[in-house]
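Let's take a walk through the charged side-chain pairs in this one. Have the model open as you read.

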Amino acid sequence: MKVLLVEDDASTAAYVCNGLREEGHEVDHAGRGALGLELALTRPYDAAVVDRMLPDLDGLSLLKAMRAAGKRTPAIFLTAVGGVDDRVEGLEAGADDYLLKPFAFSELMARLNALARRTTPERREETVLAIADLEMNLISRTVARAGQAIDLQPREFRLLEFMMRNRGRVLTRTMLLERVWQFHFDPKTNVVETHVSRLRAKVDRPFGSEMIRTVRGSGYLIDAPA
């Protein structure tokens, strides 16, 4: 997705921008309402994330101006203003969703993905994931490589599933902690490294070729053997 973020708090903006880019999305950031409106009206976006309290032009006015100009870009209000009347006012101004601060990035990403699904054709849900001779059946919760069954613990299965769904993509430690362990903070343990090592021992080592790879300083990826 190409996302417009209109947020004046520098730390929140950095957190969201970094998270979106780690997920492989493109993001433009505006720290003021007027600049956000200019970008929204002149560039194409798949979604907008807008704070309500902004310098020079508040989020409500920004979104109303977008809708008045015919811009139907799906939009989420990201704000600390959380009263019922405030949420109703935001939705009536043209917002598609409303997320209160403080928030978890994984929830924001889930809401953005939900908005994206509304505007794209429905796809059949995958039941089998496959990379080369590695196959995962999501219905029977089984894994096999070269026809040989691989016994995985539930967390190992979730980790491998997330990696296979993102084949060829570098997955950072932060992404794995959020998606596989639902940690929205760094637990300061080697839980990710330990589970990746266990996966390698089961998925790679017995078959003599490497699929799970470490990208130094970045994270991990899975792909067909080189």
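Glu107 and Arg111 sit four residues apart in helix α5 (residues 105–119), which puts about one helical turn between them. Their side chains meet in a salt bridge, 2.8 Å from N to O. Neither end is tucked away: Glu107 is partly exposed at a relative accessible area of 35%, and Arg111 counts as partly exposed too, at 23%.

Keep in mind that this is a predicted model. How many salt bridges does a search of the whole structure find? The count is 18.

Some of them reach across the sequence. Asp204 pairs with Arg145, with the closest N and O atoms 3.3 Å apart. Because Asp204 belongs to helix α8 (residues 191–204) and Arg145 to strand β8 (residues 142–145), this bridge ties together parts 59 residues apart in sequence. Asp204 is buried, with 7% relative accessibility, and Arg145 is buried as well, at 1%.

Then there's Arg67 with Asp96, again a salt bridge, with 3.3 Å between the closest N and O atoms. Arg67 comes from helix α3 (residues 59–68) and Asp96 from the loop between α4 (84–92) and β5 (97–100), so parts 29 residues apart in sequence are tied together. Here Arg67 is buried at 12% relative accessible area, while Asp96 is partly exposed at 32%.

| Pair | N to O distance |
|---|---|
| Glu107 and Arg111 | 2.8 Å |
| Asp204 and Arg145 | 3.3 Å |
| Arg67 and Asp96 | 3.3 Å |

Which residues are linked in a network of salt bridges? Look for Glu7, Asp51 and Lys101.

Definitions and conventions:
Residues are numbered from 1 along each chain as its sequence is written. This is a predicted model: local features need pLDDT of at least 70, side-chain atom pairs count only at pLDDT 80 or more; totals for chains, interfaces and linings use all residues. Side-chain values use heavy atoms; hydrogens and water are left out. A salt bridge is a side-chain nitrogen of Lys or Arg within 4 Å of a carboxyl oxygen of Asp or Glu. Helices (H or I, at least four residues) and strands (E, at least two) are DSSP runs, numbered from the N terminus. Buried means under 20% relative accessible area, exposed over 50%, partly exposed in between (1.4 Å probe, protein chains only).
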